[in-house]
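I opened this one to go through a few spots by hand. My notes follow, in the order I looked things up.

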Amino acid sequence: MPATVVVGAQWGDEGKGKIVDLLAQEADVVCRYQGGPNAGHTIVAGGETFKIRQTPSGVISGKTSVIGAGCVVDPQVLLDELAELESRGIDVSVVVVSGNAHLIMPWHVAIDQASERRLGHLQIGTTRRGIGPAYADKASRLGIRVQDVLDPKILRQKIEVALAEKNLWLERIYEAEPFVLEEVWEQYAGLAERLAPYVGDVSLLVDRALRDGKEVLFEGAQATLLDLDHGTYPFVTSSNTVAGQAAAGSGLGPKGPGYVLGIVKAYTTRVGEGPFPTELTDEVGRRLGERGHEFGTVTGRARRCGWFDAALVRQSVALNGISGIALTKLDVLDGLATLKICTGYRLGDQAFAYLPAGLKAQAALTPVYEEMEGWRETTQGARSWRDLPANAVKYVRRIEELIGAPVALLSTSPQRDDTILVRDPFQD
């Protein structure tokens, strides 16, 4: 299959960076189709650790790495990241940014931060990096696109129009300092020369690659349950994260992507606010967080941890049309005497096989658990089924049954080669 989509099937932080990096060894093009620099990917390769926020993961492997029109781009973050990668010996000339992608401007960051402060205990828990306001301006047709930076006259006009509204919001609603037109224009006009070599037509590039029979890998920044339409709204991101967005966010027709690989952690985590039925606030939850190094790549925030939620992942399998899953961080469960898997929920006398949409219902759900015996042996670094304890294999097989999707890859450490490849997504 020439096109493979990698999508997070939980609330994010499932280990997409490693899986994309692994599959990038076979790919010719890696395309990020949504999101911005508010979600990072951690890649361990060649004894080095790379933490990237805006650049597609394929850059580490020297593959053509494109940022699609469905993304929002902070040009300063992107250029700083590219400079750092280049200083570490990475060829960044392979990066292409869609001219139709929208820019995160300084007022987006200021409004994001001020809005969260104003909401107080009702805040969404954003990363405060301007992602939501940038997407809001895109929908309101006030956005500034990457290609606008290349035309000083258009850039100045668009900044002037935007500031006429944004400064009013900042001063009168949020009691924050306004921005000065000349200062913003000079800053972004100054970025044009550095940004220009990376700007291109991503839609044509990806389409041509597929027509030529090349392998294209699509990656999202966030995960299914943070999708703007299908996630746990309003505690979601500001774009569509599901696999179907790979086509729209990169400029392909709906038949473009083929195999969909869902990335699933062997337990569940989420960052920020919002419902989390299987969350553990006891010693087991703390142990999962410590052993799994559950801290945000971008923000450093501690992630909330809980048991594996098969009901949620089963929903993700349906929403994304997932062909197979990559199960990550199995080794974090090593040594636990008993494991639990959530198979559904109860709310009073009602039983649910899925997460209901209402916030009140979500907050009152009681998870229904199935218990399994754990294993004492280590799974870390295992590279074949024979290396896994019998109970670990049983746990994986039960997850397959409950979510209705087979395991295609099994990751047993952050290292690229510590992976059990069951099915090659590019060959299905």
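**Around Ile 144**

I started with Ile 144, which touches His 102, Leu 103, Met 105, Trp 107, Leu 155, Lys 158 and Ile 159, leaving aside residues up to four places away in sequence; contact means heavy atoms within 4.5 Å. Ile 144 sits in the loop between helix H4 (131-140) and helix H5 (152-173). Helices (H or I, at least four residues) and strands (E, at least two) are DSSP runs, numbered from the N terminus. Ile 144 counts as buried at 2% relative accessibility; the classes are buried under 20% relative accessible area, exposed over 50%, and partly exposed in between (1.4 Å probe, protein chains only). I also checked Ile 154: ten residues from Ile 144 in sequence, its C-alpha is 9.5 Å from that of Ile 144.

**Ground rules**

I noted that this is a predicted model, where local features need pLDDT of at least 70 and side-chain atom pairs count only at pLDDT 80 or more, while totals for chains, interfaces and linings use all residues. Residues are numbered from 1 along each chain as its sequence is written, and side-chain values use heavy atoms, with hydrogens and water left out.

**Cysteines**

I searched the whole structure for disulfides (pairs of cysteine sulfur atoms within 2.5 Å) and got zero. Cys 305 is in no disulfide either, with the nearest cysteine sulfur, that of Cys 342, 16 Å away. Both are buried: Cys 71 has a relative accessible area of 0%, and Cys 305 has 4%.

**The sheet**

I traced an open sheet of ten strands with mixed pairing, in the order S9-S7-S5-S2-S10-S1-S11-S15-S19-S20. Strand S9 (199-200) and strand S20 (419-421) are at the edges with a single partner strand each, so one side of each has no neighbour in the sheet. Two strands pair if DSSP finds at least two bridges between them. S2 (residues 29-32) and S5 (residues 64-67) have four bridges and run parallel, and Val 29 stands opposite Thr 64 in S5. Helix H7 (residues 202-211) packs on the sheet, and S2, S5 and S9 are among the strands it touches. The direction of H7 makes about 140° with that of S5; axes are lines fitted to C-alpha atoms, for helices over the stretch in contact, and angles run from 0 to 180 degrees between N-to-C directions.

Buried residues in H12 include Tyr 395, Val 396 and Ile 399, and helix H10 (310-320) and strand S19 (407-411) are among the elements covering them. In S19, five of five residues are buried. S19 pairs parallel with S15 over three bridges, and antiparallel with S20, also over three bridges.

**Arg 303**

I ended on Arg 303, in the loop between helix H9 (283-291) and strand S13 (304-306). Arg 303 is buried at 11% relative accessible area. Its side chain makes a polar contact with the side chain of Asp 13 (3.3 Å) and reaches the backbone oxygen of Phe 295 at 3.0 Å. A polar contact is a pair of N or O atoms within 3.5 Å; within protein, one must be able to donate a hydrogen and the other to accept it, and residues adjacent in sequence count only if both atoms are side-chain atoms.
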